[in-house]
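I shall present one protein structure today and take its parts in turn. Please look at the display first.

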Amino acid sequence: MAVADEKWHKKLKDFLKRYYQDEVLELANNYPDKRSLVVNYDNLEIYDRAIASDLIEDPETVILALEMALKDTDLPLAKGFDNVHVRVVNIPNRIPIRELRSKHLSKFIAVEGMIRRATEVRPRITKAAFKCMRCDTITYVEQPGTKLDEPYSGCENENCGKRGPFKLMAEQSEFIDSQKGQIQESPESLKGGSNPESIEINFTDDMTGLVSPGDRVIINGILRSVQRPLREGKSTYYDLVLEANSIERLDKEFDELDITAEEEDQIIKLSKDPHIYDRIVSSIAPTIYGNDHVKKALMYQLFSGVVKTFPDGSRVRGDIHIILVGDPGVAKSQLLRYIIRLSPRGVFASGKSASASGLTAAAVRDELGDGRWTIEGGALVMADMGIAAVDEMDKMRDEDKSALHEAMEQQTISIAKAGIIATLKSRCSLLGAANPVYGRFNRFESLADQIDMPPALLSRFDLIFVLLDIPESRMDSKIAGHILQTHYAGELIQQKNNISASHITQEMIDAQLITINPDIAPDLLRKYIAYARRNIYPVMDEDARSHLIDFYTSLRKQGEGKNTPVPVTARQLEALVRLAEASARVRLSNRVTMDDAIRTTDITMECLKNVGID
Ligand code: ADP
Ligand code: MG
C-alpha cells in the first residue's frame, strides 16, 4: 500500500503539473477564498487509465491521493494549502436515480436530476474537543455521524483515564459548513407519468449554498449508506446518501430530447403541410371526442409564446396559462394527463396534493433528522421551463392560492419564513382544471365563486374554458359511440394478448384504432414541439399587430361598465401576443402574420363566449 501510495503520489503530482499548472497557480492566488481544484475525469483517463478506473472503484483513496499531491505541489505558494479539495467532474459512471443499488456503495458515481429540497447551510462539528472535568486534558474525537460521539474509551490522559464528565469545547473543535439536499429525477426522464424517485445529498465546505430547489444538476460523488433515523432505537434499514464531490449545472433552457437529423427533416416537412394546425389538434388526446377549440388552445400552450427580457432586466413571460373549468366527467383530467405526455417537460399535480410544498414551495422543518429548516420546491418549481398541469385547483390550499399570483406573473416563488428568505424560479405554463364547488356549473353565478378562486387569480390565465355537460342527444350519441369504440379496441387488444384469441387479427384492431390513433405519433409531436421552442422566435407583422390592437380596444369598450366575470385588462393584450407567437411557432415560422392574429382572436372569442362576455 505504502509503495503504491508513493508511486501514485509522484504520478499524480506530475499529472497536476502537466494538466493543471495554471489552475493551481490561480488557486494559490485566491486561497483560501477559493479552495477547490476542478479536475476533468477525461484528462485523468488520458493520463493514466488505471488511476482513472481506481477513482471510480475506490474514490476515497484516489481523491485523498490527489489532494495530497496538490498540497505537495512544487509551485512556490504564498501560503500552504491545508484545506484544499480536488473536485472531479465529467464522471462517466452515470446512474439513473431509480437504479441505485448497494453495489454502487462507496463508488464514484454521477446522478442527474433536479434539486427538490435544500436545507440551510449550517456548521457541522467534524472533530470535537472534550475537556475532562477532572484533569483538564483535551480529548479529540472525530465525528463521522449525525449523533455526537463522546470519548467512549475515557480521558486521553493516561494518569486520569476517567470516563468523564467531559465538557465540549466549541472553540477548540473543528467545524465544516454542511448542507443537505435532495435530488429527484427530472420530469423529462420519466416514462409514462411514473412517480419521480429521489436521493439525499450531503454537501460540505465550498459545495454548500450552491443549489436551490428547481436547479437542474449533475452531482458527482461517493455513494454512502446511513442508518435511517428513528425516534427511538436504531433501524436496521439504511438509506442511500450521496456525498457530493462536485456539482455540474445543466442548461435549464432546453430539455434533453435528442432530435436526429432524420427527425428534423420529418419535422420541417410536417411544418410545411397546409393542414398542420388540424393535424396537430387531431393528434392531441384522440380518445377524447370533440373539444376541438380546447385542444387548439392546448396546442398553443404546448408551443408557447416568446419570453422577452429587456435591457433593464425586466421580463415578460411567454408561457400561456390555461384553465379548464366545468362539470365533472367532461374529460378535463384526461386532457391534462395527455398534455403532460406530449410536453417535452411536464409535471402533473393535484390541487389537494398532500406534500408539504404543495404546488408552490414551502419551508419545512426536518423533524426526524437534525431539525434544520428545509426549502422544498412544489410542482410549479419542478416544472420550471415546462408545463405544470394542476388538476382540482378548486381544492387548492390557501397558501398555494396566494403564492400562485407571483408564480404565474413574475414566475418566481418567494419564501420568507423562520429567517429563511429564498426565491425559486417557476418559469412554467400552468394548465389548470377546476370543478365547480357546488357539483354542477351554474351559468348565472360568478365563475370565481363557483371554483372558489379569487377573480384576481383567475384573470392571470390567458384563456379560460368553461366546459358544460349539457345533455344534447346528437352530441351525446357521438361521444358515446367514440367512447365505446375506444373500449372495443381495448377489449380486442386485451382478448388477443391474454387468451391469444387467434380469430382477432391485427387488421381488426387497426380498423377500430383508426379514429383514436393520433395522426402524428406522440414521440414525434413532442420533438416537433421541442424543436419549435428551441429554434423559432417569431416577430410580428405590422397588420397583425393592428388587428390585435383593434380587437383589444373593442373588447375594452364592450366590457365598460358591465360586471364582467373577468375584467378585460392589459393582461389580455399580452395574452393575445403570446397566442399569436405560438401560432407562428406551430408552422415553424419566424413571422407572426395576419393569419396568426386571426387565429388568436378566434380562439379568444370562443373562450369569452363561454365565460359569458358575449
Ligand atoms: P373530469 O376530470 O372533467 O371530471 P375525466 O377526465 O375524469 O373528467 O373524464 C371522465 C371519463 O369520461 C373519462 O374516462 C373520459 O375519457 C370520459 N369522457 C368524457 N368526455 C369525453 C369525450 N368527449 N370523449 C371521450 N371520452 C370522454
Ligand atoms: Mg377530474
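Predicted model: local features only at pLDDT ≥ 70, side-chain atom pairs only at ≥ 80, totals over all residues.

Let me begin with a question: with 13 C-beta neighbours inside 10 Å, does Asp 205 count as buried, partly exposed or exposed? Asp 205 has 13 C-beta neighbours inside 10 Å, so Asp 205 counts as partly exposed. Asp 205 sits in the loop that joins β8 (198–204) to β9 (216–227). Although Asp 205 is not a glycine, its phi is positive, at about 50°.

Asn 90 is located in the loop between β2 (85–89) and β3 (108–119). Asn 90 counts as partly exposed because 17 C-beta neighbours lie inside 10 Å.

A further backbone feature concerns a peptide bond. The bond from Tyr 31 to Pro 32 is cis, and its omega is near 5°. Pro 32 belongs to the loop between α1 (2–30) and β1 (36–40). Why do such features deserve a remark? Most residues other than glycine have a negative phi, and most peptide bonds are trans.

I turn now to the sheet. Five strands make up an open sheet, in the order β14-β17-β20-β13-β21, with parallel pairing. The edges are β14 (346–350) and β21 (463–467); each has a single partner strand, so one side of each is left without a neighbour in the sheet. From one strand to the next, the twist averages 15°.

Let us follow the pairing from β14. Strand β14 pairs with β17 (residues 387–391) in the parallel sense over five bridges. Within this pairing, Ala 349 stands opposite Val 390 in β17, and Val 347 has Ala 388 of β17 as its bridge partner. On to the next pair: β17 and β20 are parallel as well, with four bridges. Here the bridge partner of Ala 388 in β20 is Leu 430.

Next, the ligand. Around ligand 1 there are 14 residues, of which Tyr 289, Ala 331, Lys 332, Ser 333 and Gln 334 come nearest. Sorted by class, the shell has seven nonpolar, six polar and one charged residues.

Leu 257 leads us to another loop, the one between β10 (238–249) and α5 (261–271). Leu 257 is partly exposed, because 16 other C-beta atoms lie within 10 Å. Leaving aside residues up to four places away in sequence, Leu 257 touches Glu 188, Pro 344, Arg 526, Lys 527 and Ala 530. Leu 257 and Phe 465 are 208 residues apart along the chain, and their C-alpha atoms are separated by 31 Å.

Finally, the domains. The domain assignment gives domain 1 (2–89), domain 2 (100–249), domain 3 (473–513) and domain 4 (536–614). Between the C-alpha centres of domain 2 and domain 3, the distance is 55 Å. Thank you for your attention.

Note on methods:
Residues numbered from 1 in each chain as written. Chains lettered and ligands numbered in written order. Helix = DSSP H or I, 4+ residues; strand = E, 2+ residues; numbered from the N terminus. Buried ≥ 20, exposed ≤ 12 C-beta atoms within 10 Å, placed from the backbone. Pairing = 2+ DSSP bridges. Axes fitted to C-alpha atoms, helices over the stretch in contact; angles between N-to-C directions. Near = placed C-beta within 6 Å. Nonpolar A, V, L, I, M, F, W, Y, C, P; charged D, E, K, R; others polar. Domains from an automatic or database assignment. Contact = placed C-beta atoms within 7 Å.
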